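Visitor: I have a new model open on my screen and would like to learn how to read it. Could you walk me through it?

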Amino acid sequence: MENEEILTPEEKEKLEEELEKLKSVDRAEVIEELKVARSYGDLRENSEYDTARKKQGMIESRIAEIEAVLKTAVVSEGTGGKGGIMPGSDVEVEVVGEGTKTYSIGHEGKGVSVSLHSVIGEQLIGKQAGDKVTVALPKKEVEMVIKKVS
């Protein structure tokens, strides 16, 4: 599936927890903020109301985003029995002519060194120790030999 997200069990659990909090706590808080702001009168010049509406929009947007990810998510158990590279894997590669590098594969913005959606990440996903890959970077092609997957 083209739009599927590959998540580790931990990532899926964090998203589910965030979604539950947004729906049960944050929504209720913003509804209360809107009630209080409405009680101040004229909504055209009510900055509290405007702020609460913007906050409500952000909450609803995030809820929709998480629901869309979870709907198409494929949960990966990490490297699996065959040692294939998946989100959450640490990968040691020998970059031909540049030496050894270690990458942590995962989702952007989650403290990883290589996004699984990057050029390098897309080439490494599913590969195993011993595999050779060629990565077409903007200015050159780089050959890598996968040394270790953990």
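Guide: Gladly! Let us begin with a term: a contact means heavy atoms within 4.5 Å. This is a predicted model, and in its chain, residues 24 or more positions apart account for 50% of the contacts with a separation of 6 or more.

Visitor: Which helices and strands does the chain have, and in what pattern along the sequence?

Guide: There are three helices and seven strands.

Visitor: How should I describe the way helix α1 and helix α2 cross?

Guide: Two packed helices are described by the angle between their axes and the distance between the axes. Here, the axes of α1 (residues 9-38) and α2 (residues 47-72) come within 9 Å and cross at roughly 160 degrees. Angles over 145 degrees count as roughly antiparallel, so α1 is roughly antiparallel to α2. The crossing of α1 past α2 is left-handed.

Visitor: Now the strands. Which strands pair with β7?

Guide: One idea to keep in mind as you look: in a regular strand the side chains alternate between the two faces of the sheet. In this model, β7 (residues 141-149) pairs with β3 (residues 90-95) in the antiparallel sense, over five bridges.

Visitor: How many residues lie between β6 and β7 in their hairpin?

Guide: Four residues lie between these two strands of the hairpin.

Visitor: And the interior? Which residues have the most contacts inside the largest nonpolar core?

Guide: In soluble globular proteins, nonpolar side chains tend to be buried together. The largest nonpolar core here has 16 residues, and V93, Y103, I105, L124 and M144 have the most contacts inside it. At least two of its residues come from each of β3, β4 (99-106), α3 (119-124), β6 and β7. The largest share, four residues, is supplied by β7.

Visitor: Take L124, then. What does L124 touch?

Guide: Leaving aside residues up to four places away in sequence, L124 touches I85, V93, Y103, I105, V133 and I146. There is also a second, separate core of nine residues, with L22, I59, I63 and L70 among them.

Visitor: What percentage of the chain is buried?

Guide: Of the 150 residues in the chain, 30% are buried.

Conventions:
Residues numbered from 1 in each chain as written. Predicted model: local features only at pLDDT ≥ 70, side-chain atom pairs only at ≥ 80, totals over all residues. Heavy atoms only, no water. Pairing = 2+ DSSP bridges. Core = buried A, V, L, I, M, F, W, Y, C linked by side-chain atoms within 4.5 Å. Buried < 20%, exposed > 50% of the residue type's maximum accessible area, 1.4 Å probe, protein only. Axes fitted to C-alpha atoms, helices over the stretch in contact; angles between N-to-C directions. Parallel < 35°, antiparallel > 145°, perpendicular 65-115°, else oblique. Left-handed = near helix turned anticlockwise from the far one by under 90°.
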